[in-house]
Amino acid sequence: MAVVVLLGDINIDLVLAIPAYPGEGGEAIATGQTAMIGGSATNTAFALAKAGHDCRLIGRVGIDSWGREALSELAAAGISTRWIGRDELEPTQINVITVSPAGERTMFAYRGANARLSAADVDPAAFAGAALFHLSGYALLQPRQAEAALTAIDLAVDADIPVTLDIPGGVVAGIATHVRTLLPRIDTILLGSTDLPGLLGQPKETEEENLIAMLLENGVRRVAVKGSGGTASCLHTADGRDSAPWFPVEVIDTIGAGDAFAAGHIHGRVTGLSGPDCCRLANAYGALAVTRKGAGRTMPARDEVCAFLEKIEHSA
C-alpha cells in the first residue's frame, strides 16, 4: 500500500456519556466514561493504517503520561512516531467530550503541545516516497502550528505529492483566510456543505454549485462535500460531479466520523478508485465510525468496510 504523511493533532479524548445537558452552573451525572487516543489526523491515520498504508504522523505531545500513552498506542497500530516531538512546556492535549443519547458529541479542548508544533519540527525525510500528504484543518488555528502546516505543504508540493485538507465542522471561521491562500496547492478539500460560504467569504444563500465552481477555479482539483441535503456526499472535479447516498445506521457516537470519511477518500485517491467509488467508500467509513464509541483505535478496518458494503449490495 501507499505511504501517507499526516499532520495534525494528537490528543487523549475523555468521553462522557450524559443523559442531558445542564444549564450553566448545573451538573450532569455521566452514565459512562472512556479515555482513548484521538485527534483528527490521528484518527485518520488509524483508519489508513488498518487499511495497510504506511502512515507517518507529524505532531507533538507533552512529556507526561498521556503523551507516553499516545505514542505507545500509535506504535502498536503501526503508525510511525518518528516525527512526533515531545514538548516540555505544554501538556498533551486533552479533549473532554460529552456524547448525548442521540450520539451527538460536544467537545471542549485545550490544544496544549499540539499548538507548539513548529516549522523546524517538519522533517523533509518524512515525505520520502510519499503518495499523499493529509492535513487536518485544526492545524491552521494557531500561528506556530500553522507555520508547520505551511512548511509541510511546501515540501509536499515541491515533491509533487498531492495534498488533502480536511476542514472539521465548526472551525471554518478561524482558518478560512489561511485556506483561501492555499487553494491552488490543494488536490482535495473535504468539508461540510454548510461551511462552503464561510470558507469563501460568500453570503450563506450563495448557491452550492457556484461555491464549488469557485474552489475549482482557484486550483482545487477535488472537492469532497460531506453532506448534500443530508442524504448524500459528493465529489466535484473539473470533469463533473459524483455522489453516493449516506448509509442508514444506528448512531452511537459521532466522534471521528469526519476523520473516517477522510480516510475513505484518501484510500480511494491513492488506490485509483473512481469518483463514485470514492464517495461510496468514504460514506461507508463514516457510517461504521458512528456505530461505535470513540475513535482512535476503534476506527473501522478495511475488511469491516468491505463486508459492510457487500452486505448493503446484497440487500439492495
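**Entry 1: before starting**

I am working from a predicted model.

**Entry 2: the salt bridges around Asp-87**

I began with charged pairs, and the count came to 11 salt bridges. I looked up Arg-60 and found its side chain meeting that of Asp-87, at 2.8 Å from N to O. Arg-60 sits in strand S4 (residues 54–62) and Asp-87 in strand S5 (residues 84–87), so this pair links distant parts of the chain, 27 residues apart. I checked the cover on both partners: Arg-60 is buried, and Asp-87 is buried too.

Asp-87 has another entry in my list, a salt bridge with Arg-116 whose closest N and O atoms are 2.7 Å apart. Arg-116 belongs to the loop between strand S7 (105–110) and strand S8 (132–136), while Asp-87 is in S5, so the pair ties together parts 29 residues apart in sequence. I noted a relative accessibility of 23% for Arg-116, so I put it down as partly exposed. Asp-87 comes out at 0%, so it goes down as buried.

Which residues are linked with Asp-87 in a network of salt bridges? I wrote down Arg-60, Arg-116 and Asp-121 alongside Asp-87.

**Entry 3: Asp-154 and Arg-185**

I then turned to Asp-154, which forms a salt bridge with Arg-185, the closest N and O atoms being 2.4 Å apart. This pair also links distant parts of the chain, with Asp-154 in helix H3 (residues 143–158) and Arg-185 in the loop between helix H4 (172–182) and strand S10 (188–191), 31 residues apart. I have Asp-154 as partly exposed because its relative accessibility is 32%. Arg-185, at 28%, also counts as partly exposed.

**Entry 4: Asp-160 and strand S9**

I stopped at Asp-160 for its backbone: its phi is near 60 degrees, a positive value in a residue other than glycine. Asp-160 lies in the loop between H3 and strand S9 (163–166). Its relative accessibility is 69%, so I count Asp-160 as exposed.

Are the faces of S9 covered or exposed? I found both covered, with Val-163 and Leu-165 buried on one side and Thr-164 and Asp-166 buried on the other. S9 runs parallel to S8, and four bridges join the two strands. I looked up Phe-133 and found its bridge partner in S9 to be Val-163.

I compared the reach of H7 with its expected span. H7 has 14 residues and covers 20 Å from its first C-alpha to its last, close to the 20 Å expected. Of those 14 residues, 11 are buried, so H7 is largely enclosed by the rest of the structure. The buried ones include Asp-259, Phe-261, His-265 and His-267. After H7 comes Gly-272, with a positive phi near 75 degrees.

H8 (residues 275–289) has 15 residues and reaches 21 Å between its first and last C-alpha, close to the 21 Å expected. H8 is mostly covered as well, with 12 of its 15 residues buried. Among the buried residues of H8 are Cys-278, Cys-279, Asn-283 and Tyr-285.

**Entry 5: the largest pocket**

I went on to the pockets. The largest pocket has a volume of about 1,000 Å³. I counted 44 residues in its lining, and Arg-105, Lys-226, Thr-254, Ala-257 and Gly-258 lie nearest its centre. The elements that give two or more residues to this lining include strand S2 (11–17), helix H1 (40–50), strand S11 (222–228), H7 and H8.

Which element gives the largest share of that lining? My entry reads H7, with four residues. By class, I have 16 nonpolar, 19 polar and nine charged residues for the lining of the largest pocket.

**Entry 6: the second largest pocket**

The second largest pocket comes to about 280 Å³. I found 18 residues lining it, with Ala-17, Val-99, Ser-100, Ile-252 and Lys-293 the closest to its centre. S2 and strand S3 (32–38) are the elements that give two or more residues to this lining. I sorted the lining of the second largest pocket into nine nonpolar, seven polar and two charged residues.

Conventions:
Residues are numbered from 1 along each chain as its sequence is written. This is a predicted model: local features need pLDDT of at least 70, side-chain atom pairs count only at pLDDT 80 or more; totals for chains, interfaces and linings use all residues. Side-chain values use heavy atoms; hydrogens and water are left out. The expected span of a helix is 1.5 Å times one less than its number of residues. Buried means under 20% relative accessible area, exposed over 50%, partly exposed in between (1.4 Å probe, protein chains only). A salt bridge is a side-chain nitrogen of Lys or Arg within 4 Å of a carboxyl oxygen of Asp or Glu. On a 1 Å grid over the protein atoms alone, a cavity is a set of points where a 1.4 Å probe fits but cannot get out, and a pocket is an open set with protein on both sides within 12 Å along at least five of seven lines; lining residues have an atom within 4 Å of a point. Grid points are joined across faces, edges and corners, and a volume is the space filled by probe spheres set on the points. Ala, Val, Leu, Ile, Met, Phe, Trp, Tyr, Cys and Pro count as nonpolar, Asp, Glu, Lys and Arg as charged, and the others, Gly among them, as polar. Two strands pair if DSSP finds at least two bridges between them.
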